[in-house]
Amino acid sequence: MNGDTLEHTPVLLNEVIRTINPQSGKLYFDATFGWGGYTKKLLDSCACQVIAIDQDPKVKSRAKEFKREYGTRFNFIESKFSEICSVLKKLNTKKVDGFMFDIGVSSMQLDNPQRGFSFNKEGPLDMRMGNSELTAEEFINSVSEDELADIIYNYGDERKSRKIAKLIVEHRKINPIKTTLHLADIVLKANPKKNNHKKHPATKTFQAIRIYLNDEFNELFAGLTNAEQTLSEDGKICVVTFHSLEDKIVKNYFYKSSGKDYSSYKNLPVETNDSEASLIPGKKAIKPSKEEIETNIRARSAKLRYATRTSSLPNNFTLDDIGFREFC
Ligand SMILES: C[S@@+](CC[C@H](N)C(=O)[O-])C[C@H]1O[C@@H](n2cnc3c(N)ncnc32)[C@H](O)[C@@H]1O
């Protein structure tokens, strides 16, 4: 299969655009351009402008098509969440009227066996979304057993992490692990498939390795910080996540920026100082409709959270301050 011909169906598209509420003459930022589904809907809805980034160089050809169609209303820069402030500086732009983040991998990445993200399709163990140095093959054949078990547990919430890590290390002594199916097969041996289990037993292990290699939790936190600093008053940050830990990072970030804190013991929000709120979070996470899940199964675990910027200065805090010391 040629990976360049794959497309991506945007998840929660109408809900994101409704929340952003685009207006002519305003500037919006799509931090996860991908196939451009969110950007296209924004640009078609009114005479607004969009700056888009993606760390994956493969989306540049799609961005070129957008540039041809929308001209000066659209700008694309290959970049990462942690570089949003410097991208804006480079473009001589101080403020943005709304940010969209659609976290995780695109269908173009997941469905292209050459990218190495899928445990269902044979391909090289790569898993890099952008230009990170380490491939999954280099990582899996060199990491210590203890570190690997911790990563699979912390990033994938996989209870069989120790058993999986032990078997991976035993197998790589015999033959280096080079392909996706080789790795999936080893995980399956440590974590056999139960009859009525819907998810493949390698799902969490693959997810953990991908998130670790692409530094996704730190990137998400940096993205939220950069967006909050450059968002206009009354502008919105919309974040769609597909993983419970990512959703928790967003939820805790919004709470902390709203002047509330949460107890690390019960993870419940506890009020502290509302007057210092730099963001006001939407009340509840928005989930896809039954109809959307029926037509796009990848939407099933999606959640949209948003927050609105106030005029107060953002507070400085770290991932550790919102309960994620293990990822700092
Ligand atoms: C789920 S897809 C986005 C799909 C897009 N909304 C659409 O409608 O086509 C996520 C995209 O975000 C990109 N991405 C993930 N983490 C990133 C980061 N830290 N910085 C920049 N781009 C990132 C991925 O490369 C991928 O193309």
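Modeller: In this predicted model, Lys163, Ile164, Leu167, Ile168 and His171 of helix α8 meet Ile186, Val187, Lys189 and Ala190 of helix α9. Sorted by class, this contact of α8 with α9 comprises six nonpolar, one polar and two charged residues. Two packed helices are described by the angle between their axes and the distance between the axes. For α8 and α9, which spans residues 180-190, the axes come within 9 Å and cross at roughly 130°. Because angles over 145 degrees would count as roughly antiparallel and 65 to 115 as roughly perpendicular, α8 is oblique to α9. The crossing of α8 and α9 is right-handed.

Helix α8 also packs against helix α7. The axes of α7 (residues 145-156) and α8 (residues 161-174) come within 8 Å and cross at roughly 140°, so α7 is oblique to α8. The crossing of α7 and α8 is right-handed. On the α7 side, the contact is made by Glu145, Leu148, Ala149, Ile152 and Tyr153; α8 contributes Ser161, Arg162, Ile164, Ala165, Lys166, Ile168 and Val169. The residues of this contact of α7 with α8 divide into eight nonpolar, one polar and three charged. Ile164 and Ile168 of α8 take part in the contact with α7 and also meet α9.

Other helices lie across strands. Helix α3, residues 60-70, lies across β2 and β3 and runs at about 160° to β3. Helix α12, residues 244-257, lies across β5, β8 and β9, running at about 20° to β9.

These strands belong to an open sheet of seven, ordered β3-β2-β1-β4-β5-β9-β8, with mixed pairing. Its edge strands are β3 (74-78) and β8 (279-281), each of which pairs on one side only. Direction ignored, neighbouring strands of this sheet are turned by 20° against each other on average. Within the sheet, β4 (residues 96-102) and β5 (residues 231-241) run parallel and are joined by six bridges. Phenylalanine 99 stands opposite isoleucine 237 in β5.

Of the 20 residues around the ligand, Pro10, Thr32, Gly34, Trp35 and Gly37 come nearest. The elements that give two or more residues to this shell are α2 (37-45) and β2 (49-54). By class, the shell around the ligand holds seven nonpolar, eight polar and five charged residues.

Methods. Residues numbered from 1 in each chain as written. Predicted model: local features only at pLDDT ≥ 70, side-chain atom pairs only at ≥ 80, totals over all residues. Near = placed C-beta within 6 Å. Helix = DSSP H or I, 4+ residues; strand = E, 2+ residues; numbered from the N terminus. Nonpolar A, V, L, I, M, F, W, Y, C, P; charged D, E, K, R; others polar. Pairing = 2+ DSSP bridges. Axes fitted to C-alpha atoms, helices over the stretch in contact; angles between N-to-C directions. Contact = placed C-beta atoms within 7 Å. Parallel < 35°, antiparallel > 145°, perpendicular 65-115°, else oblique. Left-handed = near helix turned anticlockwise from the far one by under 90°.
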